[in-house]
Amino acid sequence: MHTDSTADTDSTADTDSTADTDSTAGTDSTAGTDSTAGTAQAEAWNGYEGAHWAAHHDRWNAVNGGFDRPLLTAAAIKPDGRVLDIGCGAGATTRLAARAAHRGHAHGLDLSGPMLDRARTVAAREGIANVSFTHGDAQTHPLPEAAYDAAISRFGVMFFSDPAAAFANIASALRPGGRVAFLCAAEPEGNEWLTALTALADVLPVGSFGSPGGPGMFSLADPAAATGLLRTAGLRGVRAEHVSARGTWGRTAREAADFLLGSGPGRHLLGAVGPDAGARARDRLTDTFRAYEAGGAVALRSTAWLLTGTRAA
C-alpha cells in the first residue's frame, strides 16, 4: 500500500556554526556519462535497496517531504538557476528544483540505476522538460567546472566512503558565489523510527546500528565534522542548522511497521533471525507505532542538519 501524504515540518531552529559570506549566482551545463565507483554502496543502491526505494518512492517522499521547504528555501534557487541534486534518488527534489528554476535547469546525480529509471519516468509523466539525470558517484564523477548556481541534497550526502573528495568535486562544479544546501541525518536519538527499531535489541541483532560515523546514515551527525568537510572543500559562510520534521510512515501501525522492516536496514535485521523472532519484532514494533496513529497516519519525527555554504567568488 502506498502512503502519499506529505510530512509536516516541526521546526527549523537551533543554528550551530559559523558564518563568513553568502551569495548566489547563475549559469549551467548538464553532467554526462554513466559511471559508478565499485563500492558496497553502489551494489546496495543498484540491488534491493535501490529497487525498494524506486518501487516505494511516493512513500519515501511522505517520510522525508517535510524537509523539502527548508531545503529549497536555503538553496535560494533563482528562476534562471542551474541546480545540481546530489543523491537525487527518484528525483522528487530535482523536480522541485526544476520548478523553482523554471527558466533554468535541474540535474540529478545518483548511484542507483533503479531509482534514476523511476526519476525519469515520473519527470516525463509530469511534463517537466528542464530536468535531466545521470548515473554516477559524486566522489568521482567528472562534473563540469563552475557550471551550477546551487547544489542540493535531501539525505544523499551521508554515504560517501571519501566525503572530502565528494565535497571537493561538488564545490568545483559551483560557479563563484554558488550555494550548497545539504540535508544529512542529525543525532540518532532524534529519530523516532530509529528509537523504535533499536528498542528491539533483545529480539533483533541491532548492535551498533544508528551509531554516528561512516560511511552510513549518520556519518555526518557531528555538525562540527560536517561543516569542517565543507570548509575544507573551499566553501565559505558554512552553517549547520538543526531542523526536524514529521514524516508519514503508513496509514496504520502495522503498515508502518511492515514498511520499516521491509526497508534495507529492517530487512537486514530480520534476515539475521528466525521467523518466530521476526514475528515478535514485527508485533512489538506495531504496538510501539500505535501511539503515533492519528488521523489515518503514523507520523514519526526525524531530525537533520541543514548544511549551507557558498563557493568563494
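N169 has a relative accessibility of 14% and therefore counts as buried, a term that denotes under 20% relative accessible area, with exposed over 50% and partly exposed in between (1.4 Å probe, protein chains only). The model is predicted: local features need pLDDT of at least 70, side-chain atom pairs count only at pLDDT 80 or more, and totals for chains, interfaces and linings use all residues. Residues are numbered from 1 along each chain as its sequence is written, and side-chain values use heavy atoms, without hydrogens and water.

N169 belongs to helix α7. Apart from neighbours within four places in sequence, N169 is in contact (heavy atoms within 4.5 Å) with A138, Q139, T140, H141 and L143.

Helices (H or I, at least four residues) and strands (E, at least two) are DSSP runs numbered from the N terminus. In strand β5 (residues 148-154), seven of seven residues are buried. Strands pair when DSSP finds at least two bridges between them. Strand β2 (residues 82-86) runs parallel to β5, joined by three bridges, and V83 stands opposite A150. Six bridges link β5 in parallel to strand β6 (residues 174-185), where R154 of β5 faces L183. From β5 the chain passes through helix α7 (residues 163-172) to β6 in a right-handed β-α-β crossover.

| Arginine | Ring | Distance to ring centre |
|---|---|---|
| R59 | F259 | 4.1 Å |
| R267 | Y48 | 3.8 Å |

Technical notes
Right-handed = clockwise from strand over helix to strand, strands pointing away. Lys NZ or Arg CZ within 6 Å of the ring centre and 35° of its normal.
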